[in-house]
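The following exercises are to be worked with the sequence and the three-dimensional model at hand. Each task is followed by a solution in steps.

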Amino acid sequence: CGVFGVWGAPDASALTALGLHALQHRGQEAAGIVSLDGGSFHQHKGLGLVGEVFGDEAVMSTLKGTAAIGHNRYATTGGTHLRNVQPIYADYAFGGMAVAHNGNLTNAATLRRQLVQRGCIFQSGMDTEVFVHLIALSTAPTITDRLIEAARQVKGAYSLLALLPDGTLAGMRDPLGVRPLVLGRLPDCGEGGWVLASETSALDIIGAEFIRDIEAGELVIINKEGIKSLRPFGAQGNRFCVFEYIYFARPDSILEGHPVYTARTRIGRELARESGVAADVVVPVPDSGVPSAIGYAAESGIPFELGIIRNHYIGRTFIEPTDQIRNLGVKMKHSANKAVLAGKRVVLIDDSIVRGTTSRKIVDMVRAAGAAEVHMRIASPPTKHPCYYGIDTPSENHLLAARHTVEEMAELIGADSLAFISFDGLYKALGDEDQREAANRYCDACFTGDYPITLVDRDGHLLQA
Ligand code: 5GP
Ligand code: SF4
Ligand code: MG
């Protein structure tokens, strides 16, 4: 998911809609904005893309105020229903509050059972709602303390924004900083102009200046008194999601000091060094394979060509093809560019193999276009484990790499050869020479199975993590 919040700026909700648009890649299912105008909250949410939900001037004119938070939904818990669209707005003893969350709580089901037993009535299927109930039930003296008390009870990955009844915008990252969150500032907004966003690309779209990343375990409180930084959890280290660099974040974002684009091109260079192959063209699977293919081509000296063209106009509203039409091999998203591929030895580059469906289809397509050889190179290690921290990977039995060796996978997708980047190569590309050291700085659980945050709901016990 993507989150965006602004405090102390005119047209806060219009800025939020723009920020969400720049974060659209983080979730395309639904979008929502809650604004705060003096003491009154206003909200609008809908299923679909940001432009569809907030394209109407009449809608935007109801979202008054100088503070707002917004959210792009990419479902990890709870289905696609309007009741599962964020921000969550709730009235409680101290007034209204709105919460927007990117990540996934690993003890949400456990906490939810306890809360329901205490009489809480849940309105959604989202893990995030647990947070709202915990804040409402807290008897701590200040609103900040209530937020901290709630955060101490949840486990998991979260970058969380909250708009609170006293006019505060709060932003918080989980103790290990698994999901990103950055702070920026708009010019010419006096004491205000503060912006919190999942990625720097959302600052760029509105002309806000990047100030810094919110740190792992940091809580920032933004209100009339200015900006205050708290560390309710002490120092617990940093395990930023390495998959943000590989696939999830936008290539023009800068996260934790690393430009995402540079990380990807460097991964491509490492891949060429590790598993180079004699070939005529380097072809990315667009869009996710493009930066690493550029790196691979530069390092190997093999020309980069657009051998696969992506159609960007497939909306969710497009009719689901019938089986009959599907059997014709209708290629909605990608098509082969014969002029580039015919007779060529092709190195195909993609960021990851999850189920293997995409790779199989693309390799078939490239062969049908007349390629002489197809060598697949992947800019991540094999995805062997599900993510429980906010990326929607399927369960283990649907992950190709969980059930097959690399040789078997090559055969299943129909490639002449297949290779993945090594952990050493990946971390070298991210600027860490020492792989063991890097393994302590990033989450890479979907590749290694080393889960840095206790999986309470999955494992059924509450350890102190
Ligand atoms: P597969 O077809 O193997 O299941 O998926 C691999 C493709 O899905 C890759 O091209 C990759 O870019 C993309 N991909 C990887 N992770 C995700 C994800 O979390 N969400 C979406 N929508 N696509 C993903
Ligand atoms: Fe990122 Fe993978 Fe860790 Fe999930 S399991 S947070 S996708 S590195
Ligand atoms: Mg892709």
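**Exercise 1. The two ligand shells**

Which of the 15 residues around ligand 1 come nearest?

Solution. The model is a predicted one, in which local features need pLDDT of at least 70, side-chain atom pairs count only at pLDDT 80 or more, and totals for chains, interfaces and linings use all residues. Residues are numbered from 1 along each chain as its sequence is written, while chains are lettered from A and ligands numbered from 1 in the order in which they are written.

Step 1. A residue is near a molecule or strand if its C-beta atom, placed from the backbone, lies within 6 Å of it. The nearest residues around ligand 1 are Ser 288, Val 354, Arg 355, Thr 357 and Thr 358.

Step 2. Helix H13 supplies the largest share of this shell, three residues. Helices (H or I, at least four residues) and strands (E, at least two) are DSSP runs, numbered from the N terminus.

Step 3. Sorted by class, the shell around ligand 1 holds five nonpolar, six polar and four charged residues. Here Ala, Val, Leu, Ile, Met, Phe, Trp, Tyr, Cys and Pro count as nonpolar, Asp, Glu, Lys and Arg as charged, and the others, Gly among them, as polar.

**Exercise 2. The setting of Cys 446**

Is Cys 446 buried or exposed, and which residues does it touch?

Solution. Step 1. Cys 446 is part of helix H18.

Step 1. A residue is buried if 20 or more other C-beta atoms, placed from the backbone, lie within 10 Å of its own, exposed if 12 or fewer, and partly exposed in between. Cys 446 has 27 C-beta neighbours inside 10 Å and therefore counts as buried.

Step 2. Contact requires C-beta atoms, placed from the backbone, within 7 Å. Leaving aside residues up to four places away in sequence, Cys 446 touches Phe 243, Thr 383, His 385, Pro 386, Cys 387 and Thr 393.

Step 3. Val 242 is 204 residues from Cys 446 in sequence, yet their C-alpha atoms are 9.6 Å apart.

**Exercise 3. The six-stranded sheet**

What is the order of the strands in the open sheet of six strands, and which strands stand at the edges?

Solution. Step 1. The order is S5-S6-S7-S8-S12-S13, with antiparallel pairing; two strands pair if DSSP finds at least two bridges between them.

Step 1. S5 (88-92) and S13 (226-230) are the edge strands; each has a single partner strand, so one side of each lacks a neighbour in the sheet.

Step 2. From one strand to the next the twist averages 20 degrees. Axes are lines fitted to C-alpha atoms, for helices over the stretch in contact, and angles run from 0 to 180 degrees between N-to-C directions.

Step 3. Five bridges link S5 to S6 (residues 95-105) in the antiparallel sense, and Asp 91 stands opposite Gly 96 in S6. Helix H5 (residues 128-137) packs on the sheet and touches S5 and S6, its direction making about 140 degrees with that of S6.

**Exercise 4. The faces of helix H15**

Which residues of helix H15 (residues 406-413) are buried, and which are exposed on the other side?

Solution. Step 1. Met 409, Ala 410 and Ile 413 are the buried residues.

Step 1. Seen down the axis, the buried residues of H15 fall within an arc of 105 degrees, so they line one face of the helix. The arc is that of the directions from the helix axis to the C-beta atoms.

Step 2. Glu 407 and Glu 411 are exposed on the other side of H15.

Step 3. The cover over the buried residues includes helix H13 (357-368) and strand S21 (373-378). After H15 comes Gly 414, with a positive phi near 80 degrees.

**Exercise 5. Backbone exceptions**

Where do cis peptide bonds occur?

Solution. Step 1. One joins Gln 86 and Pro 87, with omega about 0 degrees. Another joins Pro 286 and Asp 287, with omega about -10 degrees.

Step 1. Pro 87 is in the loop between S4 and S5, and Asp 287 is in the loop between strand S17 (281-284) and helix H10 (290-300).

Note on methods: Two residues are in contact if their C-beta atoms, placed from the backbone, lie within 7 Å.
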